[in-house]
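Please look over the sequence and the model shown here, and then follow the sections below.

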Amino acid sequence: MASGVRPALPADRLRDRPGAWIDLGLTLPIFLLYHLAVVFLGVQNATDPVTGTLLRLSAGDREKYLVATVAIGVIFAGTFALLGRGQAFRPRKFLQIALEGVVYAVVMRVVAGVVVGKLFAGAAGASPLANENRFVGFVMSLGAGFYEELTFRVLLFGLGAKILVSFFGHQRVVLTSTGPATSNFSFRSILVILGWALTCAVVFSGIHYVGEMSDRFELVSFTFRAVLGLILTLIYVARGFAAAVWTHALYDVWVLVFR
């Protein structure tokens with residue numbers, strides 16, 4: 001038998017971090033559920049650029065909006081099917097990522113509560129959405145999970161870390177690929193990443209006090225959300241975009257629906 005290099009099999013173990021296309025595929029249910037339901041509400045997530053655009057293109061017609069949303073979902077799924085075929089993906093990944101999200105959400109709540117309790121000997125204040133009905137809370141939780149993670153973890157932290165480490169640390173950082181992340185960061189690069197993670201967490205927390213649906217600023221709730229932001233960043237770096245989205249969405253469902 002001729003000897004040769006054995007081709008690498010697609011990784012499909014529980015501990016394997018999904019690649020970019022798998023991440024997108026795993027977030028599709030949350031994306032679609034949010035957009036199919038949010039049109040029936042009088043509010044939308046502040047970081048959501050899609051709903052308003054689709055409504056304008058649909059001239060305010062909900063039926064056209066729903067058709068456009070389903071079309072986007074089909075294109076999304078089709079693109080993944082064509083371009084993501086070489087990556088490890090199984091239907092059970094949806095169950096895995098949902099279970100991971102539940103576990104991470106519970107851990108996140110406990111850790112943030114302990115930190116805030118140690119600092120302030122108190123609990124974080126409730127979101128203004130806590131006064132809305134459970135359907136509104138559920139839909140807005142999905143929107144927050146998808147769009148806030150896309151905005152604050154992928155774009156703000158991920159892209160920002162790449163630029164800052166390249167500029168200040170003269171190293172290349174990989175946060176979203178299937179390959180191994182750079183492990184030999186210089187001390188300067190580590191400080192840059194940690195500092196940027198903290199900055200992004202503060203920005204993430206602060207955005208909740210801006211806009212029509214904003215909370216009344218309290219240092220306790222601000223700190224609580226900043227800790228949540230740091231944990232979500234850790235989840236994003238360690239487990240990927242989909243894990244952060246599901247964790248964020250399920251955490252918000254826990255807080256706003258099962259309150």
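## Charges over rings

A charge is taken to sit over a ring if NZ of Lys or CZ of Arg is within 6 Å of the ring centre and within 35 degrees of the ring normal. The model shown is a predicted one, and in this model Arg 153 lies over the face of Phe 204, at 4.5 Å from the ring centre. The charged end of Arg 109 is likewise placed over a ring, that of Trp 254, and here the distance from the ring centre is 5.2 Å.

## Overall make-up

The protein contains eight helices and zero strands, so that its pattern, read along the sequence, is α-α-α-α-α-α-α-α. Of the 259 residues in the protein, 42% are buried, while the accessible surface comes to about 14,100 Å², with 69% of this surface belonging to carbon and sulfur atoms.

How far apart along the sequence are the residues that touch each other? Among contacts between residues at least 6 apart in sequence, 76% join residues that are at least 24 apart.

## Aromatic pairs

A search of the whole structure finds 13 aromatic pairs. One of them is formed by Phe 146 and Tyr 147, whose rings are edge-to-face, at 5.1 Å centre to centre and with 80° between the planes. Phe 146 is buried, with a relative accessible area of 8%, and Tyr 147 also counts as buried, at 3% relative accessibility. The rings of Tyr 251 and Trp 254 have their centres 6.2 Å apart and their planes at 80°, and because planes over 60 degrees apart count as edge-to-face, this pair is edge-to-face.

Elsewhere, Phe 146 and Tyr 147 belong to one aromatic cluster together with Phe 31, Tyr 34, Phe 76 and Phe 241.

## Thr 233 and its surroundings

Thr 233 is found in helix 7 (residues 219-239), and with a relative accessible area of 4% this residue is buried. Which residues does Thr 233 contact, leaving aside its neighbours within four places in sequence? They are Arg 153, Phe 157 and Ala 197, and Arg 153 is the residue that lies over the face of Phe 204. The C-alpha atoms of Thr 233 and Gly 158 are separated by 9.1 Å, although the two residues are 75 residues apart along the chain.

## An exposed loop residue

Ala 59 lies in the loop between helix 2 (50-57) and helix 3 (62-83). This alanine is exposed, with a relative accessible area of 68%, and it has a positive phi of about 55° although it is not a glycine.

Methods. Residues are numbered from 1 along each chain as its sequence is written. This is a predicted model: local features need pLDDT of at least 70, side-chain atom pairs count only at pLDDT 80 or more; totals for chains, interfaces and linings use all residues. Side-chain values use heavy atoms; hydrogens and water are left out. Rings of Phe, Tyr and Trp (its six-membered ring) pair if their centres lie within 6.5 Å; planes under 30 degrees apart count as stacked, over 60 as edge-to-face and the rest as tilted. Buried means under 20% relative accessible area, exposed over 50%, partly exposed in between (1.4 Å probe, protein chains only). Helices (H or I, at least four residues) and strands (E, at least two) are DSSP runs, numbered from the N terminus. Contact means heavy atoms within 4.5 Å. Accessible areas come from the Shrake-Rupley method with a 1.4 Å probe; for residues, only the protein chains shown count as cover.
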